[in-house]
Amino acid sequence: MSAPNATIQEMGVRARQAARTLRSLPTARKVAALTALAAGLRASADAVLAANAQDVQAALAASLPDPMVARLRLTPAALDSLAADVEAVSRLPDPVGEQSPVQVQPSGIRVGTRRVPLGVLGVIYESRPNVTVDVAALALMSGNAVILRGGKETVHSNAALEEVIHAALQAQGLPAQAVQVIRDPARERVLELLTLDEWVDAIIPRGGAGLHRFCVENATVPVIVGGIGVVHIYLDASFTRDLLDREKAAQLLHNAKVQKPSACNALDTLLVDRAALDVLPDLLRPLLDSGVALRADPEALAVLAAAGLSAEPATEADYGTEFLALTLSLKVVAGLNEALDFIAAHGNHTDVILTRDPAQAERFVQDVDSAAVMVNASPRFNDGGQLGLGAEVAISTQKLHARGPMGLRELTTTKWVVEGNGEVRV
């Protein structure tokens, strides 16, 4: 069913052919394919888990970091959850074919736009075999073909998942080449995919800053950059006057940093209004109890030390760093103006203000130029599922073609449709 020895050029040609079929598929057939995929994941659980166990064993033998091994590992519960996620995607509104209102021009022609798939996606990612299924489901529901290149540590898992995906597609009479996995782990294959501009319409990298930089510097295909960026929370003094608000702030900071520290929307830097310094120890004790390492500027250090709390002096490098771990930098600012200047220099992903002043909140929303701006809410909500998109392929931090979580709609574009009755331009 699969063609593990196909060249990247051959995969591109086959993906383009499959994309022509997918772009005109009615919603019901796409739903049927995803339903079959979810059923296939459950029916093939033993084979997928056995393949994944090979990858995990190899990762342990290679002494890969524990967080990478954790992201690599699949369990029966995780696989069932993955199947449920596919079913959830199948229930999302299909954006393909949406028509804008038709406008009649003075010439008599009737014009409008229609939403269509991007075409062929190239997705490059690391360590997480669940991405193989998540992206395949989103691509299929949005009418796109996709070429997937996971990390070398996932080679057996991804091969097994590709077989399940192909079986589901073929059972529904759809081309298996709508979803193709590059099984060759050689870095040269990534370079070939990045320059396959004749057949691939967009590259979406999912991984660390190094992967994103490599794609941008080497691609001739447009790259949608996302998931990289420093997350800030600015604590305004108005949010600390009330005991209940202080409790809310402590819970929110804990959620932002501890719930999933490896996520791109986890808190990196806390900016504290100087007028709120007195409550800082109470807000940070739960973080320290959860193993968070604090790196603070001199003012914050002094306050924490006086309260018997431990922290290290922050260096300039600690500001502007995406930690992806239980590490948090602290900086005291003179108020909103200084916080906005700091975020302008270091932010672009997700930034939060905690305030009870509506004017401060509005100014923050207007001034901060990031993919997501939040008022009195955890940055962990910057997620496709949490924001009502159902799912996401990535979180874009650029401004073209999409910004923020990329769901089904962000995997489409528009084309103009013009209807006439023999009109000619004069």
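Q: At what angle do helix α3 and helix α7 pack, and how far apart are their axes?
A: Two packed helices are described by the angle between their axes and the distance between the axes. Here α3 (residues 45-61) and α7 (residues 155-171) pack at about 160 degrees, with axes 7 Å apart. That makes α3 roughly antiparallel to α7 (an angle over 145 degrees). Axes are lines fitted to C-alpha atoms over the stretch in contact, and angles run from 0 to 180 degrees between N-to-C directions. Helices are DSSP runs (H or I, at least four residues), strands likewise (E, at least two), numbered from the N terminus. This is a predicted model, where local features need pLDDT of at least 70 and side-chain atom pairs 80 or more, while totals for chains, interfaces and linings use all residues. Residues are numbered from 1 along each chain, and side-chain values use heavy atoms, without hydrogens or water.

Q: Which residues of α3 and α7 make the contact?
A: Contact means heavy atoms within 4.5 Å. From α3, they include Ala47, Val48 and Ala51; from α7, Ala160, Leu161 and Val164 are among them. By class, the contact has 7 nonpolar, 4 polar and 1 charged residues (Ala, Val, Leu, Ile, Met, Phe, Trp, Tyr, Cys and Pro are nonpolar; Asp, Glu, Lys and Arg charged; the others, Gly among them, polar).

Q: Which element gives the largest share of the lining of the second largest pocket?
A: Rolling a probe the size of a water molecule over the atoms shows where empty space is left. For this pocket, the answer is α9, with 3 residues. The lining divides into 7 nonpolar, 2 polar and 5 charged residues.

Methods: Angles under 35 degrees count as roughly parallel, over 145 as roughly antiparallel, 65 to 115 as roughly perpendicular and the rest as oblique.
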